[in-house]
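Student: Could you show me how to read a strand within its sheet? I would like the general idea and then the case at hand.

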Protein chains: 2
Amino acid sequence: MSEPTKRQKQFLDFIEEFTEANGYSPSIRDIGEGLKLSSTASVKKMLDRLSEGGFIRRASSSARGIELTRKRSIPVIGRIKAGMPVMSEENLEGYISVKDLVRSDSFFLRVEGDSMKNKGIMDGDFALLRPSPVIDNGKIGAFRLNGEVTLKTFRRNREGMFLVPENEDYPVIPVHEGDEFEVIGILDMVLRFFKGQYDIKYS
Amino acid sequence: MSEPTKRQKQFLDFIEEFTEANGYSPSIRDIGEGLKLSSTASVKKMLDRLSEGGFIRRASSSARGIELTRKRSIPVIGRIKAGMPVMSEENLEGYISVKDLVRSDSFFLRVEGDSMKNKGIMDGDFALLRPSPVIDNGKIGAFRLNGEVTLKTFRRNREGMFLVPENEDYPVIPVHEGDEFEVIGILDMVLRFFKGQYDIKYS
DNA sequence: GAATAAGGCAAACAAATGTTCGCTTTATTC
DNA sequence: GAATAAAGCGAACATTTGTTTGCCTTATTC
């Protein structure tokens, strides 16, 4: 997929912004207005080019059926090759699409304490949990044990079940028979913000 | 905003799935097909109700102009209160909306090595970088120094500029005059996946 | 400077999509 | 069981939106 021309980029930007702002893609006339083109034919011509170039996908003849190929996905740069511009194709390892991050039933648990720090899970991190009543041996998850909620590695063997911290300063917690014990969810992802800019939105 | 009826929920779900899958919202006839309704009037009636209920917003008379009010956002659970169901309102700290995670110009850099492990940044993590030619003192960023790209804490004082690892096993790297030096971006977020399920999509 | 490609215009047209009207069916409520 | 609301049908209609055709202007390339 080659690079779009300057004008094509303007089109893509407009389409993305419009979609972002309205929740649905612009019609050909919307685009024409936005980019100050009086003829729908001009817009269509550009859209055809963008289609050929693979920058958009269209449900042909279908109203407002523009789908951006460069989705809200974030490029992943792997090993950066010497001399190459950082964002060049050579360095591109893949994409993480926003869709990958969201499952309708997942939720974040705010991490408290550093009992998992050897796994790089720090105080204040956001742990994305997928609700599940069971968990595999060795997986990290959130558990409720006698009223306390905790994020730990789950281990089970002949001797029983254990919630294992990933930090030498903390003891392994055995799950006794008769304890109130429940798997809340399995850890899918950990996320940490480094700036004030990404504040949590309350609603 | 009261709760939608069961049928209304089905509509909302369909609209959300369709939009997710296609990148644009369904037409009235698309919905009719999807929910096995033969009359467009039936669909429109429901949409009108959903509008009144505030569950969707519509660009009236405009094709495929359905915008879902309930956007995709992930709930954040803070301290879990004893006895409470995990997902109860009492435990809800806020939401992280998908939009917050994505800025059109940001990109991920795959982390190599453990030189930043005291900040919980581990080998294989995804570091979300916001491109910037400059960076504040004390902030973490990605830098290119004499052809090498590295993620470090940036420090500058009377003695010069330094790239500081967050791990005692690694030396501080001074930036000498005449070095080829460039700020690639500022670290906004770190993300780590714990399962095979969230693989990177290559395209 | 001719050739070519990108970008643009206007107008007529076709297809997709939303709207309205009157009538039926199926719960749910009192 | 009557009354009411929710959900649905079909058909005609109005509007929005996408498509096509022919021609123009302006860079860019060779």
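Tutor: We will look at one strand, its neighbours and then a chain as a whole. This is a predicted model, where local features need pLDDT of at least 70, side-chain atom pairs count only at pLDDT 80 or more, and totals for chains, interfaces and linings use all residues. Residues are numbered from 1 along each chain as its sequence is written.

Student: Why is strand 7 of chain B largely enclosed by the rest of the structure?

Tutor: In a regular strand, side chains alternate between the two faces of the sheet. Strands are DSSP runs of E, at least two residues, and helices are runs of H or I, at least four, numbered from the N terminus. Buried means under 20% relative accessible area with a 1.4 Å probe, counting protein chains only. Strand 7 of chain B (residues 140-145) is largely enclosed because 6 of its 6 residues are buried. I140(B), A142(B) and R144(B) lie on one side, with G141(B), F143(B) and L145(B) on the other.

Student: Which strands pair with strand 7 of chain B?

Tutor: Two strands pair if DSSP finds at least two bridges between them. Strand 8 (residues 148-157) of chain B runs antiparallel to strand 7 of chain B, with 6 bridges, and R144(B) has V149(B) as its bridge partner. Their hairpin has 2 residues between the strands, and N146(B) takes a positive phi near 50 degrees. Strand 11 (residues 181-193) of chain B is also antiparallel to strand 7 of chain B, over 5 bridges; there G185(B) stands opposite A142(B).

Student: How many helices and strands does chain A have?

Tutor: Chain A has 4 helices and 11 strands, and 47% of its 203 residues are buried.

Conventions:
Chains lettered and ligands numbered in written order. Heavy atoms only, no water. Buried < 20%, exposed > 50% of the residue type's maximum accessible area, 1.4 Å probe, protein only.
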